[in-house]
Amino acid sequence: MIFRQLFEPLSATYTYLLGCEETGQAVLIDPVVPTMDRDLAEIARLGLKLAYTLDTHIHADHITAALELKKKAGSRIASPAIDNLACTDLGIEEGVPFTVGNLRLDPIHTPGHTDGHFAYLLGDRLFTGDALLIDGCGRTDFQNGNADDLFHSVREKLFALPDDTLVYPAHDYHDRRVSTIAQEKKRNPRLGEAIPREEFKTIMAELNLPYPKFIDHAVPGNRQCGVCPANLDQNLRQYCEQMEHSPQG
Ligand code: FE
């Protein structure tokens, strides 16, 4: 397998490129608009063809590049079926493997950050989205987030995987790239094994994070698989810069 961990600095998002060496097919997990040309260039450099984009959830902090990549590279859009997006080509369900060439990803429904959130397991690599971050987790206070659900998703489903499983999160704000299930069980200050459910719920209830500045644009845009909103304030333009500067007509 060909594997690249790519970083989008504006939203501190990791986009994962997985390529099948036998068939040349590739998938991008959680691609982001401002870096989609960088991702496509890397795919071309590796001699791969983008077959699919695959999102872990409906993002609130950035615009997915799924739709623009479909237009530009002819890729198909895969996303959780539970979110019922009309723009999706393939709805992902738990228990139904998602295949790209000879790569097989096992989708794991991990609600809590959003109700439709999925993680994806490929061999010993786990793409955790925002359900489990390195020494952290996604917030649970919007998009039908629920701390009880997230506790169950991480502790009962993700922590049931082998200790050596590599944890690749959708974000990191401190330049960390990878963890393991064993490390998160031991060290995660919110969801580590020593922390009881009620303590986790208190931690999440008391985070007092500011309302995300981009959410009111990102969620409707991402429900359309990545449409940049019109009339975006100047200070938010950078989130959609790539589309503005890459007219396709
Ligand atoms: Fe998120």
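Q: Is the crossing of α3 and α5 right-handed or left-handed?

A: This is a predicted model, and in it the crossing of α3 with α5 is right-handed. Helix α3 spans residues 147-157 and helix α5 spans residues 197-205; their axes come within 9 Å and cross at roughly 125°. That angle makes α3 oblique to α5.

Q: At what angle do the axes of helix α1 and helix α2 cross?

A: The axes of α1 (residues 36-45) and α2 (residues 66-73) cross at roughly 45° and come within 11 Å. The two helices, α1 and α2, are therefore oblique to each other. As for handedness, the crossing of α1 and α2 is right-handed.

Q: Which residues of helix α6 are buried?

A: An α-helix has 3.6 residues a turn, so residues three or four places apart point the same way. In helix α6, which covers residues 215-223, the buried residues are Ile215, Ala218, Val219, Gly221 and Asn222. Just after α6, the backbone at Cys225 adopts a positive phi of about 65°.

Q: Which residues other than glycine have a positive phi in the loops?

A: Two cases may be read together. Asn84 has a phi near 55°, a positive value in a residue other than glycine. Asn84 sits in the loop between β5 and β6 (90-92), and with a relative accessibility of 66% it counts as exposed. Asn144, likewise not a glycine, has a positive phi near 60°. Its place is the loop between β10 (125-129) and α3, and at 57% relative accessibility Asn144 counts as exposed.

Q: Is His174 buried or exposed?

A: The cut-off is needed here: a residue counts as exposed when its relative accessible area is over 50%. His174 has a relative accessible area of 57%, so it is exposed. This residue is found in the loop between β11 (166-169) and β12 (179-180). His174 and Thr110 are 64 residues apart along the chain, and their C-alpha atoms are separated by 24 Å.

Q: How many cavities of 30 Å³ or more does a search of the whole structure find?

A: Rolling a probe the size of a water molecule over the atoms shows where empty space is left. In this structure, the search finds 1 cavity of 30 Å³ or more. The largest cavity holds about 90 Å³ of space. Its lining comprises 13 residues, and those nearest the centre are Asp55, His57, Ser79, Leu85 and Asn222. Asn222 is also among the buried residues of helix α6.

Q: Which strand gives the most to the lining of the largest cavity, and how do the lining residues divide by type?

A: Strand β5 (residues 76-80) gives the most, with 3 residues. By type, the lining of the largest cavity divides into 6 nonpolar, 5 polar and 2 charged residues.

Q: What is the volume of the largest pocket, and which residues lie closest to its centre?

A: A pocket is an open set of points, whereas a probe placed in a cavity cannot get out. The largest pocket here has a volume of about 700 Å³. It is lined by 34 residues, of which Asp61, Arg139, His171, Tyr173 and Leu209 are the closest to its centre. The lining of this pocket divides into 17 nonpolar, 9 polar and 8 charged residues.

Definitions and conventions
Residues numbered from 1 in each chain as written. Predicted model: local features only at pLDDT ≥ 70, side-chain atom pairs only at ≥ 80, totals over all residues. Heavy atoms only, no water. Buried < 20%, exposed > 50% of the residue type's maximum accessible area, 1.4 Å probe, protein only. Helix = DSSP H or I, 4+ residues; strand = E, 2+ residues; numbered from the N terminus. 1 Å grid on protein atoms, 1.4 Å probe; cavity = no way out; pocket = protein on both sides within 12 Å on 5 of 7 lines; lining within 4 Å. Points joined across faces, edges and corners; volume = space filled by probe spheres on them. Nonpolar A, V, L, I, M, F, W, Y, C, P; charged D, E, K, R; others polar. Axes fitted to C-alpha atoms, helices over the stretch in contact; angles between N-to-C directions. Parallel < 35°, antiparallel > 145°, perpendicular 65-115°, else oblique. Left-handed = near helix turned anticlockwise from the far one by under 90°.
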